[in-house]
Amino acid sequence: MEKTFQLTRREDGIAILTMDVPGETMNTLKAEFGPEISETLADIKQDNSIKGLVIISGKADSFVAGADISMLDACTSVEAAKTLSQQGHVVFNELQNLSIPVVAAIHGACLGGGLELALACHLRVCTEDKKTILGVPEVQLGLLPGGGGTQRLPRLVGVTTALDMMLTGKQIRPKQALKMGLVDDMVPASILLETAVALAKKGKRAAKKVKPSLVNKVLESTSFTRDIVFNQATKQVAKKTQGNYPSPNKIIDCVRQGLNKGLTKGLEVEASHFAELVMSKESESLRSLFFATTEMKKETGAQGTTARKVNKAVVLGGGLMGGGIASVTTTKAKVPVRVKDISEQGLSNALAYAYKLLAKGVKRRHMTPAVRDNLMSLMTTTTEYKGIKDADIVVEAVFEDLQLKHQMVKDIERECAENTIFASNTSSLPIGQIAEAAQRPENVIGLHYFSPVEKMPLVEVIAHKTTSPETIATTVAFARQQGKTPIVVQDGAGFYVNRILALYMNEAAQWLLEGQRVEHLDKALVKFGFPVGPMTLLDEVGIDVGAKISPILEKELGERFSAPKAFDQLLADDRKGRKNGKGFYQYGAKAKKSKLVDESVYRVLGIQTSSDQPIKSVSERCVIQMLNEAVRCLEEGIIACPRDGDIGAIFGIGFPPFLGGPFKYIDALGAANLVKTLERYQSMYGERFVPAQSLKLMAEKGDQFYPVN
Ligand SMILES: C[C@H](O)CC(=O)SCCNC(=O)CCNC(=O)[C@H](O)C(C)(C)COP(=O)(O)OP(=O)(O)OC[C@H]1O[C@@H](n2cnc3c(N)ncnc32)[C@H](O)[C@@H]1OP(=O)(O)O
């Protein structure tokens, strides 16, 4: 069997331990490496000629990406998961207890168990390369650092910083890592090994230790003052997770117990908590999300077709969406973009949008002013169809007006090359209808972004009946270059995401008209796990935008999409949401620190508010609408598979990730139970709750969307 660890003895007494998992793109930690690494450590201990050890990766661009998540996924009992963590503890303790200095030489991803390995070394040096990232992302998998991280990290960088890293899972860049004392040195990749060797020769102690701030020093000095930090963190966690994610509280508990009762006790608690989390349904859902997104990174969107390279893009419309799309095209994809708008004002809006984001990057020291200026120079503007002939893709982000879009298709076919792709950012119009104006409909596709473009990870790539495979593959690759997760969906009003969202929003509106208070509705759905409630969302998206989409969906998909007529009165009252400072909540000068409902909204809608209905009933009625419609989308082939539906809902709407997406959630509920619930609501509220046909079939057969583990 090929070995993972290679020990090389240098003449100067420093040994190099190179980790290179055979046949895999990245190093991950697996239980099966236990005997090999123990044997190697025993060799080192016996060899008096070895004066120091450097641990480095044999992979070109990564150190260690953590424990192997598939291995965790394969655990079938709490005991088995606990053993994994304890095995890791034994090896890392052995490493830390070596009498010779041990230095981790880090280049590329050093995450989770990878960072825990580095923490067990006496010193760490990393490259200044962009590819180098350090962090403990376990919380994002519903886990906690189970390789000693909850113990060694706070001891190295302080409780406050360690909690921040572990509770967010954020990635730390090299400069920041050096500043916070996570690494002892940062060097160019070309001298990484030699620097690590030199450090190993100097001994176990860091040349200089980073001093904590005075506040942190005081707060972290005694168990009493540390409790203040832990209590504060617990409060923040409760607010953020709404009690839906068990791992953050367990992380806090590990750190608390480890610092109050010592490392051995801390590791014991860590192994127990880790094991419970591995077996939790929340972590199972989050892990499946990791596998799904990794799998999707490899898909081209059109099997067997290679994407064309996009060297230049054009964005039509300099509004909020156009500005955002142009911005990610330059900053993420590094592709020159030309923005066309009919007005100079539109163009300066787009430029300002991009500049503001880049300026933020400079302020946070993520980039230099020179990089900002370079990226800005990739963006040019025009009020006429000039300088666009050589565009590979044109993304239109103008009003939802079919005639206007038809005109643009014709203009682009006239002005651009034969194979220029015309991508529409429409959120509701069927792409097939837009393509009706095209002479080359194979070049027409939908590319639906979510607002704010730079933040929302999802895009829907919508192929109509005759979109060519090359157009699909090129658009998917382009979206990925922009840092997005694309799902390819079939054509139809509202596509997937807005379609399932619309019914959920309509149901919330029904609750409102029945007298439920705005803040109660929002509270119920936030408690369920959405990042914001439906009323806040409508204010953010724009009540007018919702009103524009609704009739299109109703016309194409049927009466269940009809929005409550009373909502017309909101528009008559010029209530568009945050953008004009008038919505369900108060904005601008009227607004207080905590968000307050604009009570006049009840009068405008003619509502008498009534007592709060139980939170669970409120959320259930809204969510099952979304679930049922997601099944219909699968039934109609709008989405290709449950996985795409789950990713689309989580990344596009913020469907609670710990539930794994609508389809995973239906599996957890059981199709038969969901059908029963829908039928109960149908008997009370009518046909909009009729269960999807395929859901009924699944219920009868006892089927699931995903294979049973
Ligand atoms: C005990 C410990 O505390 C517990 C843990 O360590 S849990 C694990 C914690 N680590 C993580 O969560 C990191 C997960 N990985 C990532 O975030 C990303 O893969 C990355 C940032 C490292 C690299 O991203 P990117 O360059 O886009 O590469 P990506 O396509 O995601 O991954 C490349 C390959 O590595 C695999 N991989 C990466 N990290 C992995 C992990 N921790 N486990 C298993 N496989 C992993 C991917 O599945 C993929 O495999 P493939 O080539 O066979 O499809």
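Which residue in β2 is the bridge partner of Phe5? In β2 that partner is Met19. The model is predicted. It contains an open sheet of six strands, an open sheet of eight strands, a ligand with 25 residues around it, and a largest nonpolar core of 205 residues.

**The six-strand sheet**

- The strand order in this open sheet is β1-β2-β3-β5-β7-β9, and the pairing is mixed.
- β1 (5-9) and β9 (185-187) are the edge strands; each has a single partner strand, so one side of each has no neighbour in the sheet.
- From one strand to the next, the twist averages 20 degrees.
- Helix α8, residues 192-202, packs on this sheet and touches β2 (14-19), β3, β5, β7 (123-127) and β9. The direction of α8 makes about 155 degrees with that of β3.

- β1 and β2 run antiparallel and are joined by five bridges.
- These two strands, β1 and β2, form a hairpin with four residues between them. In the turn, Gly13 has a positive phi of about 90 degrees.
- β2 and β3 run parallel, with six bridges joining them. Ile14 stands opposite Gly52 in β3.
- β3 (residues 52-57) pairs with β5 (residues 102-106) in the parallel sense, over four bridges. Ile55 has Ala104 in β5 as its bridge partner.

**The eight-strand sheet**

- The order of this open sheet is β12-β11-β10-β13-β14-β15-β16-β17, again with mixed pairing.
- Its edge strands are β12 (379-382) and β17 (485-490), and each of them pairs on one side only.
- The twist here averages 25 degrees from one strand to the next.
- β16, residues 458-463, pairs with β17 in the parallel sense over six bridges. Leu458 stands opposite Thr485 in β17.

**Surroundings of the ligand**

- Of the 25 residues that surround the ligand, the closest are Ala65, Gly66, Ala67, Gly112 and Gly113.
- By class, the shell has ten nonpolar, eleven polar and four charged residues.

**The largest nonpolar core**

- Nonpolar side chains in soluble globular proteins tend to be buried together.
- The largest nonpolar core has 205 residues, and Val103 and Val394 have the most contacts inside it.
- Helix α20 (residues 497-513) gives the most to this core, with eleven residues.
- Leaving aside neighbours within four places in sequence, Val394 is in contact with Val314, Leu316, Ile412, Cys416, Thr420, Ile421, Phe422 and Ala423.

**Cys121**

- Cys121 lies in the loop between α4 and β7.
- Cys121 counts as buried because it has 25 C-beta neighbours inside 10 Å, and the cut-off for a buried residue is 20 or more.
- Not counting residues up to four places away in sequence, Cys121 touches Ile55, Leu95, Val102, Val103 and Ala104. Of these contacts, Ile55 and Ala104 are also bridge partners, and Val103 is one of the residues with the most contacts inside the largest nonpolar core.
- Cys121 and Gln140 are 19 residues apart along the chain, and their C-alpha atoms are separated by 25 Å.

Key
Residues numbered from 1 in each chain as written. Predicted model: local features only at pLDDT ≥ 70, side-chain atom pairs only at ≥ 80, totals over all residues. Near = placed C-beta within 6 Å. Nonpolar A, V, L, I, M, F, W, Y, C, P; charged D, E, K, R; others polar. Pairing = 2+ DSSP bridges. Axes fitted to C-alpha atoms, helices over the stretch in contact; angles between N-to-C directions. Contact = placed C-beta atoms within 7 Å. Core = buried A, V, L, I, M, F, W, Y, C linked by C-beta atoms within 7 Å. Buried ≥ 20, exposed ≤ 12 C-beta atoms within 10 Å, placed from the backbone.
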